[in-house]
Each structure stands twice: as structure tokens, then as C-alpha cells.
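Thanks for coming, everyone. Please have a look at the structure on the screen, and then I'll walk through a few parts of it.

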Amino acid sequence: MILKKMIPKDFYKLFRTRNMDAYMTFLIAIYDENNEIYTALGLTIEDGQAIIGELISRMQIEWMDDSEETEENMVFEGTGTSSAILNTLIRWGWIKKDYDEQLNTYILSFPEYSQLYVELFKKLFSADDSRERESILSIYSALFTYQADKEKNNDILKSALITSKNLETLLANMQYGMRTYFDVLSRSKNFIEIQQVLVDEINNSDSEKYAILTTTDSFYRYKESVKELITQILSQHDQKKVELSKALHAYEKNRSACAQLHKALQYNDEAVELVYKIDRQFDLIERKYNKLVEQKVVFAKRALARIHYIFQEGAADEDNVIRLVRLIEKSANSEQILEDLRGKISLTAPFKMFDDNSVYKRHDGSEKLFEPLVVERLEEQNTTKITDFVPKPRYTKKELQAFCARNVKNGAFQATAETVQSVEDLEKLLFLWQEVTGKQPKQDPIQLGEELQSKEGFTFSALRIAIEEEDNNEIHG
């Protein structure tokens, strides 16, 4: 029977109630407890009420009045109690209770349609969904297992196709996440906000999955192997189809044998179709994978460009003097504040309080004679001071080279836990990474490692940057 038809009419009331999150939390807890080994016989109603009561006490859940609660439930059981909550879930069809004659009590269970929703709730509430099965290695393992399987079970190919589609969806979601960080980065007004965006992007779950895809589960590491397996599987099925066609021609008069051979041919054709779908899905994964790698590089370049812009143009925040004037205007003691401020600040002229009548005072209408200002000739030695107004970079090239030289080991720059000891070191590491990626070498010189954390609390990824010979001479020159 179709599961959709088994869902009771009150089932979706859970999504309309004000206590929806609390109901979801209770369902997840009871579902997990019911799946434990020591509760193989099932949870009793008393066990379910105890789990709900413990969650309410530990999480300090405040129960809100809900229109979906029936008057009967409120009169006889109250509202927000453990028994009332459990009975509501049973009445809505999320949990089912069955009488056990041996235990002489009611046992709780989850219908199949309810299990699907509770599993979804667990994924929505979980922040550590690594999705390890959605990887290139899983696709390669499934194809390798199918190629070595003598019976050629098509379910293995179906599993590989589902995994490839999930991986394609994962890459699409990661691209959407990168575009979100682009928007946040463009709205950053100072270096602290940019730094926070970079730290959030490095430490989020998508970056961890990206690190897995580019290191242990690298796409290019298994690309050729997957293509070879697909070619071998298709070649095997072509040979098998020829053999089955010859056997079918030989047993034309044997109906039972012909029927079996026809089924074998259909099974073989189904396997070929699945392999072609996996091949097309694999090409789509490659395009999205390359696009994601490109977005990572563009994100780093935009972050550096934003930092340069802020260093040269200054922060876009409102002037602090304007803020101070507005605060003084709103204060009830504005005159006293100005009097105290005058005594502490040396002014070229005493300030005057302007009122509404000041605007209408008659000004002196006498014409003033034009007196040109005398042009003072600046001495030559003062012309050199114009460089004081030129924006200077935060770090000189010599400082960056010194930072790089301190961490060069075996001809390569290696970022360890001792590399970053301050915010300045973290900035220098970012500038060095941008300088290397901007040169566009023949092969990728950057290798990402595991996540590191310095003694000062800075979190960053381990880097290994291969330094070319000319750069090495420039550093140690």
C-alpha cells in the first residue's frame, strides 16, 4: 500500500502548532531510544513520558498554549504535561501504541511513514552531517565491486547512481554556500568583518567537505580509474549480450530456456543503461567540481581586493564626530556638556550656541575689498613631504619575504601550528597565499592539510606551498 494513503488526517497538525520544534525534539529522542538494543521489546508509555519529562527539565522548554490541542486533552490531562504531549503524538498518528499481552502494557512504535519524517528531523537538527557516503570513493568502490561480482547484481549500480546524484547535489549546495559568502564579503565594511567572514568560511561544514573532496577523496585521484571501470563493464556486457543472443538463437524451440534468456538480456540492457547514466552523472560532477575550485580561488581574490580597498579608502563607517554631535543633541544636559568640553579642548575661537533667532539676524552688508592672498613659495625640501599623503601598504614586501623565509623547510613554505602567533601573521599568511595563486603556475603549488590551532587560539588550515627557484633566490637574496 502507498504510504501517503496511510497517513492520518491529523498528522500534519504538528507543523501548524506553536510547539513544533519541541514536538520534533521529543520524537527524535523517543525514536533513538526505541532503536537501542536494550529496548528491543519496545518502549512502554511510562518510558515515553519519562523521556519527554527529562527533556523538558533539561532543555527548560516553555510550553505555549496551542489551538491545535483539543479541549478534552486540556480538561483531563492538562496542557504541556508529559502524558498530554505523548497522547497528542499518538492521537495525531506520529506514534502508535499496541497492547502486549506478555508485558501486560502498551508498547510504543513508529509507523513507517512516521519514521521517514523523524529521520528527516534528525538530519535537520544535526549540524555534523558529514555525508561520507556521498563521495567519489564510494562511486569507485561500487563500480569496482560490480566489475568483480560474478552475478552482476544491478542493485550495486543503482546504489552507485544514487550516490553520484547525491554528490552532484552536494556540490551544487556548496556552490550556493560560496555565493552566500560572496554577498557577506561585499557588505563587510572593515578588516575585522572580513576576517570573520574568512574564518566562518574556513570553519564551516562545507569547507570540511571541500577539503575531503580535494585531498583524501580527490576527484582527479579516481577520475581515470572510474572511466576505466566504466569501459570494462560496458565491454563485458557487450560480450555477454552476444553470447546470450547466440544462445537464444540455439534454443528457439525451448520456451522455458528462451524465457530465461530474454530475462537475462533485459537484465543486461538495464545494467548498460545504469552504467551510461553513471557516466553522464560523472561528467556533470566533474564540471561542478571544477566550478567549485574556481569559486574558491575567486573568493580569495575578492577578499584580498576588499582588504586593499579598505586599507586605501578607509572604513565606510559614519564619522565619530557626527555621532558625538547627535548624542549631545539628544542629551538633556547638552549645554553643560559643551561647557565642560570647552574647558578640556583648546579651540581657536570660542564656540557660540545658535538658536532659532540666530538665523534671522541681519548681517553686515558692507562690501569687502578683494584682497588676494599672498602666495608663499615652498622650499624644495618641503616637496618631499607629499609622500606622507600616499596610502602605504600594511606590510612591505621585505616583511612578507621574512615571514616566508622563517617557515621554509625543504624548499617549500609549510604552515604549522607555530606559524601563526598573531593576527598579523594570519594576514601575512593570507597575502602569501594570494600572491602564489595570482601567478598562475603550470601546476597547483598549494597543498591543503588538516585544520590547525595555534596556542593563541587562531584556527587555520595547514598549507604547503612549493616555492619556485626564482622565488627562493629572491627570498634568501
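Strand 1 and strand 3 pair antiparallel, over two bridges. Pairing here needs at least two bridges found by DSSP between the two strands. L43 has L108, in strand 3, as its bridge partner. Helices are DSSP runs of H or I with at least four residues, strands are runs of E with at least two, and both are numbered from the N terminus.

A word on the source: this is a predicted model, where local features need pLDDT of at least 70, side-chain atom pairs count only at pLDDT 80 or more, and totals for chains, interfaces and linings use all residues. Residues are numbered from 1 along each chain as its sequence is written, and side-chain values use heavy atoms, with hydrogens and water left out.

Back to strand 3. Strand 2, residues 96-100, also runs antiparallel to strand 3, joined by five bridges. Here K97 stands opposite L108.

Next, helix 2. Residues 20-34 make up this helix, 15 in number. From first C-alpha to last, helix 2 reaches 21 Å, close to the expected 21 Å. That expected span is 1.5 Å times one less than the number of residues. Which residues of helix 2 are buried? Among them are A22, Y23, M24, F26, L27 and I30. Buried means under 20% relative accessible area, exposed means over 50%, and partly exposed lies in between, with a 1.4 Å probe and protein chains only. The cover over these buried residues includes strand 1, helix 3 (45-59), helix 5 (82-92), strand 3 and helix 6 (112-125).

Now a backbone detail. Most residues other than glycine have a negative phi. Q60 is not a glycine, yet its phi is positive, about 55°. Where is Q60? In the loop between helix 3 and helix 4 (71-76). Q60 is exposed, at 66% relative accessible area.

Four strands form an open antiparallel sheet, in the order 4-5-7-6. Strand 4 (408-409) and strand 6 (446-453) are the edges, each pairing on one side only. Six bridges link strand 6 to strand 7, residues 459-466, in the antiparallel sense. E451 stands opposite S461 in strand 7.

Methods: Contact = heavy atoms within 4.5 Å.
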